[in-house]
Amino acid sequence: MSKLFICNLLVFLLPTFAVADAHTESTGEAGAITTGECSSGSEFDARTYNLGLHIGALFIVLTTSSLGSFLPVMSKKFPKFKVPSYIFFFCKHFGTGVIVATAFIHMLPSSFEMLSNKCLPEIWHNYSAWPGAIAMMAATFIFFIEYIAINFTHNIEQTLPTHKNELDSTATNSDESTSDENKNLHSHHSHAHAHGTLVLLTSKSQTIGIIVLEFGICFHSIIIGLALSVATGSDFISLLVALVFHQMFEGLGLGSRIADLKFPKGSIKPWLMSLAYGTTTPFGIAIGLGVRETYDPNSATALIVQGVLDSISAGILLYAALVELIANDFIYDSKFREKPTIYQTSAFIFLLLGAGIMALIGK
């Protein structure tokens with residue numbers, strides 16, 4: 001819930017900055033570089049803005065995003081919705097390629113374009129690599145956060161052998177006449193308890209990685225939702241088509257990862273994580289519709305906020321996709337290397353296919 005709250009809070013902030021920026025345009029001194037020079041100079045025209053079509057787009061994106069993120073979770077939780085394993089396998093690796101391409105093709109170039117605009121303050125021109133630097137700082141920050149979380153779970157793991165030994169010692173002292181069969185049973189129970197805790201801790205580590213991934217996607221969803229809500233004409237149609245495919249593919253990839261996580265039986269966490277992805281972009285569209293007459297995507301503040309958020313998203317997604325997904329799936333998973341050659345080859349092909357299609361959509 002906290003991820004959804006943070007994402008939605010940022011959606012509220014961006015239009016507010018844009019409105020404040022419009023006020024600055026009207027009060028700038030003559031001859032000074034003001035944010036007004038960033039604006040396209042075109043006022044909102046209600047005659048060319050099809051409100052009904054934009055509202056329809058909101059529900060289209062809501063449906064495709066939710067379908068992509070909920071379908072893998074539903075197939076895991078409900079036998080009636082069981083999806084063949086090869087479909088799940090395809091979505092998992094294809095979605096990873098989509099996420100990688102989203103960072104490289106959709107976010108980084110966009111952030112460089114936004115933050116290199118000639119009308120921005122001079123600080124953005126004194127150092128041309130700001131988007132890359134921001135992405136690097138975001139990835140590093142996420143790395144430290146994850147390291148602290150994983151280190152915490154590792155420290156708990158270290159106490160497990162001691163806990164097991166204490167159980168064995170207590171059992172021995174309390175009953176010296178315990179039969180060999182009962183001792184073996186007790187030892188097996190203690191080992192199962194320790195093993196179950198280790199599995200739980202590993203699951204928590206995986207959950208942390210997927211939360212990091214979704215957090216990066218959430219940032220990006222805010223921007224594309226706002227962009228769609230203010231687009232008109234042929235630009236709106238092309239962006240909507242691209243966004244529908246983007247949200248579906250990305251949702252399937254993320255939903256497959258969420259479905260793989262080990263949650264307690266009956267937990268609502270996987271549903272909340274899927275809901276966060278499914279609703280963030282539509283909510284961004286809704287906010288954009290509400291401020292469509294005052295929001296100027298070409299204002300200085302809007303360019304800076306969009307550029308910075310895209311840079312942060314790119315850094316988070318690159319770290320999550322390369323470290324949490326690709327490295328874990330192909331390098332650190334010993335079971336994957338034991339699979340048949342056709343299985344491994346298919347995984348690589350699906351990964352490249354997802355990245356290639358998203359690169360094509362980016363064009």
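Because the model is predicted, local features need pLDDT of at least 70 and side-chain atom pairs count only at pLDDT 80 or more, while totals for chains, interfaces and linings use all residues. Residues are numbered from 1 along each chain as its sequence is written, and side-chain values use heavy atoms, with hydrogens and water left out.

The protein is built from twelve helices and zero strands, with helices (H or I, at least four residues) and strands (E, at least two) taken as DSSP runs numbered from the N terminus. Along the sequence this reads α-α-α-α-α-α-α-α-α-α-α-α. Of the 363 residues, 43% are buried; buried here is under 20% relative accessible area, exposed is over 50%, and partly exposed lies in between (1.4 Å probe, protein chains only). The protein exposes about 19200 Å², with carbon and sulfur atoms supplying 66% of that area, as computed by the Shrake-Rupley method with a 1.4 Å probe; for residues, only the protein chains shown count as cover. As for contacts (heavy atoms within 4.5 Å), 83% of those between residues at least 6 apart in sequence join residues at least 24 apart.

The UniProt record, an unreviewed entry, lists "transmembrane region" for residues 51–74, 86–108, 128–150, 208–230, 271–291, 303–322 and 342–361. These positions are given in the numbering used here, feature names are shortened, and annotations may be inferred rather than shown by experiment. In the model, residues 51–74 are 100% helix and 0% strand, and their end C-alpha atoms sit 34 Å apart. Residues 303–322 are likewise 100% helix and 0% strand, with 28 Å between the end C-alpha atoms.

On to the helix pair. Helix α2 (residues 51–77) and helix α9 (residues 269–290) have axes that come within 9 Å and cross at roughly 170°; axes are lines fitted to C-alpha atoms, for helices over the stretch in contact, and angles run from 0 to 180 degrees between N-to-C directions.

Gln-247 belongs to helix α8 (residues 233–260) and is buried, at 0% relative accessible area. Beyond neighbours within four places in sequence, Gln-247 touches Val-61, Thr-64, Ser-65, Ile-224, Tyr-277 and Thr-281. Tyr-277 is 30 residues away along the chain, with 9.2 Å between the two C-alpha atoms.

Gly-315, in helix α10 (residues 300–331), is also buried, with a relative accessible area of 2%. Gly-315 and Ala-103 are 212 residues apart in sequence, yet their C-alpha atoms are 7.7 Å apart.

Lys-204, found in helix α7 (residues 180–230), counts as partly exposed because its relative accessibility is 42%. Its C-alpha atom lies 8.5 Å from that of Leu-261, 57 residues apart in sequence.
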